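User: I have a model open here and would like to talk through how it is put together. Could you walk me through it?

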Amino acid sequence: MRFMIIVRSNPEFEAETSPDPDPALMSAMAAFHEELARAGALLDASGLHPSRKGWRVVHGAGAPRVVDGPFAEAKELIAGYTLIQVRSREEALEWSRRFPNPAGQGKPAVVEVRQVIELDEFKPGPGVDAFRRMLAP
């Protein structure tokens, strides 16, 4: 089972002009992710630049429309993620409880966890088969 640990953004992350986290926080994050790697659970992890460096593609009537950042509600944005593969929801919950506070000790922060939909959960069909071929090792 794969789970994504999602670090929610905040106004401080969005105001950041260059990725320069507190050294103690970076060390705590590195130690946590090294532990995930040793356990064989770490698949990927990265931080994201502020939304002012991004864009959204908005679909609706007519052609898709590109909207440049920044985006207003920082708490609705994603600042980073960690992708893990574990045996159960409970194991993912335990790892997420140990995730260091991404804003720094004592500061408000939100870390959301979502299970990744696996191809086996979809009904078989040509589209699913095409994804299996694309994603095969």
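This is a predicted model: local features need pLDDT of at least 70, side-chain atom pairs count only at pLDDT 80 or more; totals for chains, interfaces and linings use all residues.

User: OK, what is the strand order in the four-stranded sheet?

Analyst: The sheet is open, its four strands come in the order β2-β5-β1-β6, and the pairing is antiparallel. The edges are formed by β2 (42-47) and β6 (111-115), each of which pairs on one side only. On average, and ignoring direction, neighbouring strands in this sheet are turned by 15° against each other.

User: How many bridges join β2 and β5?

Analyst: There are five bridges between β2 and β5, the latter covering residues 78-85, and the two strands pair in the antiparallel sense. S46, for instance, stands opposite Y81 in β5.

User: And which helices lie on those strands?

Analyst: Helix α2, residues 23-38, lies across β2 and β5 and runs at about 160° to β2. Helix α3, residues 89-97, also packs on the sheet, where it touches β1 (2-8), β5 and β6, with its direction making about 30° with that of β1.

User: Which residues of α3 are buried?

Analyst: In α3 the buried residues are E91, A92, W95 and S96. Viewed down the axis of α3, these buried residues fall within an arc of 135°, so they line one face of the helix.

User: What do the buried ones pack against?

Analyst: The buried residues of α3 pack against β1, α2, β5 and β6.

User: Switching to the core, which residues have the most contacts inside the largest nonpolar one?

Analyst: That core has 16 residues, and those with the most contacts inside it are L36, I84, V86, W95 and F99. At least two of its residues come from each of β1, α2, β5 and α3, and α2 gives the most, with four residues.

User: What does I84 touch, then?

Analyst: Leaving aside residues up to four places away in sequence, I84 touches M1, R2, F3, I5, L36, A41, L43, A92 and W95.

User: Last topic: how many residues sit between β3 and β4 in their hairpin?

Analyst: Six residues lie between them, and G62 in the turn has a positive phi of about 85°. Strands β3 (residues 55-58) and β4 (residues 65-68) pair in the antiparallel sense over four bridges, and the bridge partner of V58 in β4 is R65.

Technical notes
Residues are numbered from 1 along each chain as its sequence is written. Side-chain values use heavy atoms; hydrogens and water are left out. Two strands pair if DSSP finds at least two bridges between them. Axes are lines fitted to C-alpha atoms, for helices over the stretch in contact, and angles run from 0 to 180 degrees between N-to-C directions. Contact means heavy atoms within 4.5 Å. Buried means under 20% relative accessible area, exposed over 50%, partly exposed in between (1.4 Å probe, protein chains only). The arc is that of the directions from the helix axis to the C-beta atoms. A nonpolar core is a set of buried Ala, Val, Leu, Ile, Met, Phe, Trp, Tyr and Cys residues joined through side-chain atoms within 4.5 Å.
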